[in-house]
Amino acid sequence: MKHAAIFFHYVSQYMKTRLTYRVDMLMEIMSDLLFQAVNLVFILVVFGHTQFLSGWSRDEIIFIYGFFLVPFAIFGAFFNIWDFNERYIVKGEMDRILTRPVHSLFQIILERMELESLFGMITGIAVMVYAGMRLDLSISWYDPFIFILMVIGGAFVYAGIFVMLASISFWSDSRTSIIPMMYNIGNYGRYPVDIYNKVIRFILTWILPFAFVGVYPSAYFLGREDWYVYAFLTPVVGFGFFFLSIFIWNVGVTKYRGAGN
Amino acid sequence: MDQVIQVKDLRKDFKSHSSRPGLKGAFRDLFNRNYSIISAVKDISFEVKQGEMVGYIGENGAGKSTSIKMLTGILTPTDGTVTVNGMNPHKEREKFVSSIGVVFGQRSQLWWDIAVQESFKLLKKVYNVSDEDYEAHMTHVIDSLDIGPLLDKPVRKLSLGQRMRCELAAALLHNPPLLFLDEPTIGLDVLVKLKIRNFLKEINEKYKTTILLTTHDLTDIEALCERVIMLDEGQIIYDGKLANLRSNWGEGKQIEFQFAEEVTKDELSPLMKELDAEWTASERKNVWVANVVNEEHVISEVIGRVVAAHRITDVKIHEISTEEIIRNIYEEGVVDGKIY
Ligand SMILES: Nc1ncnc2c1ncn2[C@@H]1O[C@H](COP(=O)(O)OP(=O)(O)OP(=O)(O)O)[C@@H](O)[C@H]1O
Ligand SMILES: [Mg+2]
């Protein structure tokens, strides 16, 4: 309850700041939307040349990509803490966070959120609708709920991985280039994993489970029954990874060294 | 009386890595890094009672901030126990920090981009302070610190002194019974310093707020703290009344004579025969300082003899300032727990 109140207070503060600091909010939203539209056209053009990819049709691949964009947008809005090391560890901002009576990760998420990123969900859903219509997918009444569950699961997979990476900073405050690398690896989850060799497939499923952000949950909506087990593991893996990452974070906080002034 | 802070054998070691030079060195670092251990705080123990105002002083790098960070739950101690407000700060951090207020002079606690008032509102939510409590308490705080006109300005547009007063108000928003201040007066002008001191005194009297503060400005300590804890290289070298520090190590006065004509030490020294006194030359021309014990007859005797033998244009009597006492202690250090 308290957390929800704080969350909404931060969101309204965020809106207010955006409104005062950005000269023209409308222009900003327009350009965010335009960016997403260009993205959409780009996806259709790029995938226009692919026909089949080890048993997946072009439209299925587009659908997976569209699905991927939705949890990725949520991740981008709330868990995109790639600058955690510089901002909070090297500059010692973590001191301030730790003197407040709210979980430290929750505070950082609220301070670093970028709600604009949520526009990506619109693009994602548009892509899914486009591909879904071409594939003649049927939707039952419970599918939207499963969709929400899958999206949250996928977002948590991403969140978990990036929170774990951020936690490394508690042990070592030297710069690493792991984070950009991780964005690249994340992209592999957008494609059907059976196009990769076994080792990569294993990694994308169990070590860095990016496959649960794109292909596995999409398999459910595409009616690919052979993948259903993985599809329904999505929320489990998502929550599992996220809780593991919070655990690691909490241990990390006790190792925080602070910055000498 | 209640002990608000109990610290026993508290220790903090920092591992500090050093890298070897060159590419070959970097490669060796990969496998086995050189490190040394710096003990910032070495097994200190002390207690603070409710309502005390304690000055926590020491040279740069003595370990003051590190101790405060352990007391506030920011850093986990390497060893020893800390109990503050009956809790273990780093174990029950979230519950614990609601019971303290913290100001780090070197670092802002407020949100940079938003108006002070908005920061306060966010903190009010974060600390779960009710509207009534906020009104009752903060109206007064805002008034005493005179920050009413600053409330609608973003923090980044405030001057240092304005910001610091807002920081203090923010730290007190939930009316904590215990306040940690790490260099709260750094870089502030005399008037703002006075305002802050008066305010701290006031809340200490009104709410019995316990205050632990570090500062390099000893006039802060003199104005506020009866008790000082002095730290040197991570160890406590003095813990007691500021007044005792003065009477034990600050005995003596300085009598400054401005002579009408040039005098030499050889001429002056015979005057001090049988007296516990010593001459030092001042930087100014024809000015000499007699360092004497703080006893009436010695002071009168010295002045009498000097005035009888030489023509003088001015005499001043100084007490040795706390700053000098402390500087002497820092410079000369401690042997066997005694300060020389
Ligand atoms: N995060 C850190 N990593 C490594 N060493 C540190 C760290 N923080 C502090 N130290 C070291 O610990 C010692 C004590 O530092 P601390 O900041 O507590 O001093 P201080 O008494 O607050 O000094 P100042 O008056 O300059 O603020 C110093 O030698 C400092 O270099
Ligand atoms: Mg310090």
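This is a predicted model: local features need pLDDT of at least 70, side-chain atom pairs count only at pLDDT 80 or more; totals for chains, interfaces and linings use all residues.
**View 1. A nonpolar patch on the surface of chain A.** Val199(A), Ile200(A), Phe202(A), Ile203(A), Trp206(A) and Ile207(A) make up a nonpolar surface patch, and together they have about 550 Å² of accessible area. Val199(A) belongs to helix H10, which covers residues 198-207 of chain A. Is Val199(A) buried or exposed? With a relative accessibility of 55%, Val199(A) counts as exposed, because the cut-off for that label is over 50%.

**View 2. The largest nonpolar core and the residues with the most partners in it.** This core has 166 residues, and the ones that touch the most other members are Phe84(A), Met94(A), Trp249(A), Ile5(B), Phe120(B) and Leu200(B). Helix H8 of chain A (residues 143-171) supplies the largest share of the core, 16 residues. Another core lies apart from it, with 17 residues that include Phe259(B), Val263(B), Val292(B) and Ile299(B).

**View 3. The surroundings of Trp249(A).** Which residues does Trp249(A) touch, leaving out those up to four places away in sequence? The set is Phe84(A), Met94(A), His103(A), Ser104(A), Leu105(A), Ile108(A), Val163(A), Ala166(A), Ser167(A) and Phe170(A). Two of these, Phe84(A) and Met94(A), also turn up with Trp249(A) among the core residues that touch the most other members.

**View 4. Ile146(A) and its contacts.** Here's a residue of helix H8 of chain A: Ile146(A). Its relative accessibility is 16%, so Ile146(A) counts as buried. Skip the residues up to four places away in sequence, and Ile146(A) touches Tyr220(A), Phe221(A) and Phe232(A). Take the pair Ile146(A) and Phe221(A): they sit 75 residues apart in sequence, while their C-alpha atoms are 9.3 Å apart in space.

**View 5. A salt bridge between sequence neighbours Arg58(A) and Asp59(A).** The closest N and O atoms of Arg58(A) and Asp59(A) are 3.5 Å apart, and the two form a salt bridge. Why does Arg58(A) count as buried? Its relative accessibility is 15%, and buried means under 20%. Asp59(A) is buried as well, with a relative accessible area of 11%.

View 6. Glu167(B) and Arg163(B) join their side chains in a salt bridge, at 3.1 Å from N to O. Both residues are in H6 (residues 160-171) of chain B, and they are four residues apart, about one turn of the helix. An α-helix has 3.6 residues a turn, so residues three or four places apart point the same way. Glu167(B) and Arg163(B) are both buried.

View 7. Asp220(B) and Arg197(B) form a salt bridge, with 2.8 Å between the closest N and O atoms. The pair ties together distant parts of the chain: Asp220(B) is in H8 (residues 218-224) of chain B and Arg197(B) is in H7 (residues 190-207) of chain B, 23 residues apart. Both Asp220(B) and Arg197(B) are buried. They also belong to a network of salt bridges that links Lys193(B), Arg197(B), Asp217(B) and Asp220(B).

View 8. Glu183(B) sits in the loop between strand E6 (178-182) and H7 of chain B, and it is buried, with a relative accessible area of 10%. Lys208(B), also not a glycine, has a positive phi near 60°. Lys208(B) is in the loop between H7 and strand E7 (210-214) of chain B, and with a relative accessible area of 40% it is partly exposed.

**View 9. Helix H4 of chain B, largely enclosed.** How many of the 11 residues of H4 (residues 116-126) of chain B are buried? Eight are, so the helix is largely enclosed by the rest of the structure. The buried ones are Val116(B), Glu118(B), Ser119(B), Phe120(B), Leu122(B), Leu123(B), Lys124(B) and Val126(B). Just after H4(B) comes Asn128(B), with a positive phi of about 60°.

**View 10. The two domains of chain B.** In the domain assignment, domain 1 of chain B takes in 3-11 + 43-247, and domain 2 takes in 251-319. The C-alpha centres of these two domains are 44 Å apart.

Technical notes
Residues are numbered from 1 along each chain as its sequence is written. Chains are lettered from A and ligands numbered from 1 in the order in which they are written. Side-chain values use heavy atoms; hydrogens and water are left out. Domain bounds come from an automatic or database domain assignment. Patches are made of residues with over 30% relative accessible area and no salt bridge: like charges are joined within 9 Å, nonpolar side chains (Val, Leu, Ile, Met, Phe, Trp, Tyr) within 5 Å. Accessible areas come from the Shrake-Rupley method with a 1.4 Å probe; for residues, only the protein chains shown count as cover. A salt bridge is a side-chain nitrogen of Lys or Arg within 4 Å of a carboxyl oxygen of Asp or Glu. Helices (H or I, at least four residues) and strands (E, at least two) are DSSP runs, numbered from the N terminus. Buried means under 20% relative accessible area, exposed over 50%, partly exposed in between (1.4 Å probe, protein chains only). A nonpolar core is a set of buried Ala, Val, Leu, Ile, Met, Phe, Trp, Tyr and Cys residues joined through side-chain atoms within 4.5 Å. Contact means heavy atoms within 4.5 Å.
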